[in-house]
Amino acid sequence: MELGLVGLGKMGGNMRERIRRAGHTVIGYDRNPDLADVNSLKELVDGLKGPRVVWVMVPAGEATQATIDELGELLSPGDVVVDGGNSRWTDDEKHSEELRAKGIGFVDCGVSGGVWGLENGYALMYGGSTEDVAKVQPIFDALKPEGDFGSVHAGKVGAGHFAKMVHNGIEYAMMQAYAEGWELLEAVDSVTDVREVFRSWQEGTVIRSWLLDLAVNALDDDEHLEKLRGFAADSGEGRWTVEAAIDNAVPLPAITASLFARFASRQDDSPQMKMIAALRNQFGGHAVENAKK
């Protein structure tokens, strides 16, 4: 099928390549002309046959809103817009209503896979009507990992980004647990090779995971994480998870504590946050701050 893809950064660019490898046609637009296939959203829409599907991979908030507003003026009834960024689920409901008034469908899709997605595939969580999802399904099938799992029609509009938000909240807590364990091991005199302890956990233990593998990668690059400053940003989804928990009276002590630990990292050079920063860089290519000399 044909797809218009808006936003060709670290995620979008690799997604374009994976979709093309699956045999589909992708017309990509980005504000950076060196990355783009066309010079404008209008040129992108004009290059697609109806019913069109346009996938948006731009930062959440104003950038996504502006892109959807412009697409709403360019697309036709029966076309579908997919928001694959990290938008808040409440924004999905708003965008769906705005586009539905013009006869345009809307699907929200939480995407996980980071810089590794091109080769490994992307975990996809999407929300929308069965009819709209069906129009995008060949692209979902191209992006997902090999095998029976890795993608889900999570429910109605907003469900995809809500599921991805909860995924990221769990990710916060898991990274925090690894970071706390690493700091404790580093603090005692009796353990002389913390990196190899982490490596030994990669096989046969109940805490083995891809995050653990990435932690070992980070320690191989910088055994005591001395090159990093103990600072870790938050993308916003951890906050949204905690807010949703409050709204629904669901206790999330581990996820909430991990979010607050990120806030603490902005006050001091936290050893735990060196590991969090290293893991975010490993799986998502997120920027790190070098240690002050």
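**Packing of helices, sheet and cores**

E237 is found in helix α10, which comprises residues 237–247. The model described here is predicted. With a relative accessibility of 1%, E237 counts as buried, because the limit for that class is under 20%. Apart from its neighbours within four places in sequence, E237 is in contact with N86, K164, M165 and N168.

The strands form an open sheet of seven, in the order β2-β1-β3-β4-β5-β6-β7, and the pairing is mixed. At the edges stand β2 (25–29) and β7 (151–155), each of which pairs on one side only. From one strand to the next, the twist averages 25°. Four of the five residues of β2 are buried, so this strand is largely enclosed by the rest of the structure.

Strand β2 pairs with β1 in the parallel sense over five bridges, and in this pair L3 stands opposite V26 of β2. Strand β1 (residues 2–6) also pairs with β3 (residues 53–56), again in the parallel sense, over three bridges. Here V6 stands opposite V56 in β3. The next pair, β3 and β4, runs parallel and is joined by four bridges, with V53 opposite V80 in β4. Both faces of β4 are covered: V80 and V82 are buried on one side, and V81 and D83 are buried on the other.

Helix α6 (residues 130–143) lies across β1, β3, β4 (80–83), β5 (105–112), β6 (123–127) and β7, and it runs at about 30° to β5. Helix α7 packs on the sheet as well, where it touches β4, β5, β6 and β7. The direction of α7 makes about 15° with that of β5.

Packing between helices was then considered. Two packed helices are described by the angle between their axes and the distance between the axes. For α1 (residues 10–21) and α6, the angle is about 100° and the axes are 9 Å apart. That value makes α1 roughly perpendicular to α6, because angles of 65 to 115 degrees fall in this class. The contact is formed by M15, R18 and I19 in α1, which meet I139, A142 and L143 in α6. By class, the residues in this contact are five nonpolar, no polar and one charged.

On the α7 side the residues are G169, I170, Y172, A173, M175 and Q176, and they meet A254, I255, S258, L259, A261 and R262 in α11. Eight nonpolar, three polar and one charged residues make up the contact of α7 with α11.

M174 is also found in helix α7. Its relative accessibility is 35%, and M174 therefore counts as partly exposed, between the limits of 20% and 50%. Leaving aside neighbours within four places in sequence, M174 is in contact with S209 and L211. The C-alpha atoms of M174 and I104 are separated by 39 Å, the two residues being 70 apart along the chain.

The largest nonpolar core contains 24 residues, and the members that touch the most others are W182, F198, L225, M275 and L279. Two or more residues of this core come from each of α7, α8 (194–200), α9 (210–221) and α12 (271–284). Helix α9 gives the largest share, seven residues. For L225, contacts beyond four places in sequence are made with W182, A218, L219, K274, M275 and A278.

Terms used:
Residues are numbered from 1 along each chain as its sequence is written. This is a predicted model: local features need pLDDT of at least 70, side-chain atom pairs count only at pLDDT 80 or more; totals for chains, interfaces and linings use all residues. Side-chain values use heavy atoms; hydrogens and water are left out. Contact means heavy atoms within 4.5 Å. Ala, Val, Leu, Ile, Met, Phe, Trp, Tyr, Cys and Pro count as nonpolar, Asp, Glu, Lys and Arg as charged, and the others, Gly among them, as polar. A nonpolar core is a set of buried Ala, Val, Leu, Ile, Met, Phe, Trp, Tyr and Cys residues joined through side-chain atoms within 4.5 Å. Buried means under 20% relative accessible area, exposed over 50%, partly exposed in between (1.4 Å probe, protein chains only). Two strands pair if DSSP finds at least two bridges between them. Axes are lines fitted to C-alpha atoms, for helices over the stretch in contact, and angles run from 0 to 180 degrees between N-to-C directions. Angles under 35 degrees count as roughly parallel, over 145 as roughly antiparallel, 65 to 115 as roughly perpendicular and the rest as oblique.
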